[in-house]
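Work through each exercise, then check the steps below it.

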Amino acid sequence: MTDTVKVLLVQMGSIVGDLEGNCQKILSACKKFPQADIAVTPELSICGYPPEDLIFHPRFISDCADAVNHLAQSLKEFPKLHVLVGYPLKEGKDLFNAVSVLNNGKIVCTYRKQYLPNYGVFDERRYFTASHSKDGVTFEVKGNCFGINICEDIWHKDPPEEAKSAGAQVLLIPNASPYEYGKSDQRFEAVTKNVTSIGLDAVYVNMAGGQDEILFDGRSFVSNHLTGKIFELDSFTEACSVVEVENGSIKIPREYHRKEDIGDFYKGLVAGFKSYVQGNGFKGVVLGLSGGVDSALVLKIACDAVGPENTLAVLMPSRYTSQMSIDDATLLSKNLGVRHIIIPIEPAFMAFEGMLAEEFKGRKEDITEENLQARIRGVILMAISNKEGLLVATTGNKSEMAVGYSTLYGDLAGGYAVIKDVYKTEVYKVCRWLNETSPKPIFPENILTRAPSAELKADQKDQDSLPEYSVLDAILKLYLEHKADPQEIISKGFSEEDVLKTLKLVRRAEYKRRQSPIGSKMTQVAFGKDWRYPIVNKYTA
């Protein structure tokens, strides 16, 4: 028989570079749960994830080491507590993604990450050295033996097996595992396949919150290898929980595991935007509200992220804006309790027409005049941003971003693209879900049922230029996320005309995507770190 070990899961968000703030979060969690024997924090919890090229600054590395040592001294007031912290560890010419166990002012042991992911948003081989040590790192507390793996390691068989061979009964797994829809099920599968199946219980602690375009959903969990039971923390929120280990086995407090749904997806959009606004010190958010579904959803996200009192909606009607759009935008603002103002762009549009009259003489109106309206709106929003210290939220969705249905220095102007990784059809799904689950409908029915239009010319509809969104999004998912070639997509029943047109638009829009604001990664392949294509590109497959 062994004594009971209390393990504290510290599901926290670490801001990159905020070494003091991150250490204070860890220390605060330990103070709130003085009964804990072990505290597990996420991967690179000291410096934040991903630190990117800060890693190349020697001072940054030494400051991280100093932070670890200072934290170890601060933890002396809890002499029995073992705290797992992650940081970049310099040893000679090598730099490791490491986790050390701190106890009573000292580093008890250190584990160095073996598998460095280099796909999707990950670029760890650029920064770190992979550990080739095959000796599992373990430590004992009250007769129970604990091993350590870091994130990617448990997606492979050998690191967990090495921990077990070294005597581990419970595997502690610090993580910075980014969110994408459906990812939590993949994590459970990896732990089941490579950890619990070999007789180890698992404590999986993930980061929570946003860092630039990367979003961490938390959903830390513990798993018992004998019963298969799982206890999971909530998504997209900082949280702590204590579980008990006795005789090398985790006692599941209550089985809790919730399947991901559209509510998690929405929660992630709010969390990512909130982290970005707060992390950059903005007072609030301003956005252009058109009466369309995209800006409507962004307005709702902004209200939930920073509060309606810190959100400003600007209606900027033109000669082509319908009264329905103005009425719907106004009603939505009132429903959400948001301050809204109306600034017609007609005076500015007429001024530009006059200024360009000589140069454009004898030429028909075309996309030039459409883009001019969008750019006037961008100037207005940026002016308000400068004057009032508000972040401009852009409102374009993934479907538009993919095919370039947007205007540089117009609707692409801003600081954060809130729904950049949300397809148009999913925008409607999220809005309908919000209406259905709210005490009373948020979005006016017109916003959800009218044909989408940029309203930059008379009687304009999106589908004048694009396939129906249900068709467009299906083609885009096959191409962007599954890398299907044109013939594969056509074989799924799509018309050759729609497929070839869509893929041509995707290729031609690369220069716009490079100049667009960042936005939270929500899917398997987002337009950011996941997507690295040349702008000058003649390959057409």
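**Exercise 1.** Work out whether Tyr-533 is buried, partly exposed or exposed.

*Solution.* Start with the cut-offs: buried is under 20% relative accessible area, exposed is over 50%, and partly exposed is in between (1.4 Å probe, protein chains only). Tyr-533 has 29% relative accessibility, so it counts as partly exposed. Now try Trp-531: its relative accessible area is 7%, so this one is buried.

Quick note before going on: this is a predicted model, where local features need pLDDT of at least 70, side-chain atom pairs count only at pLDDT 80 or more, and totals for chains, interfaces and linings use all residues. Residues are numbered from 1 along each chain as its sequence is written, and side-chain values use heavy atoms, leaving out hydrogens and water.

**Exercise 2.** Find what kind of aromatic pair Tyr-276 and Tyr-416 form.

*Solution.* First, the rule: rings of Phe, Tyr and Trp (its six-membered ring) pair if their centres lie within 6.5 Å; planes under 30 degrees apart are stacked, over 60 edge-to-face, and the rest tilted. The structure holds 13 such pairs. Here the centres are 4.5 Å apart with 35 degrees between the planes, a tilted pair. Both Tyr-276 and Tyr-416 are buried. Next, Trp-531 and Tyr-533 also make a tilted pair, at 4.2 Å centre to centre and 35 degrees.

**Exercise 3.** Name the ring that Arg-112 lies over.

*Solution.* Check the test: NZ of Lys or CZ of Arg must be within 6 Å of the ring centre and within 35 degrees of the ring normal. Arg-112 sits over the face of Phe-96, 5.9 Å from the ring centre. Likewise, Lys-398 lies over the face of Phe-527, at 5.9 Å from the ring centre.
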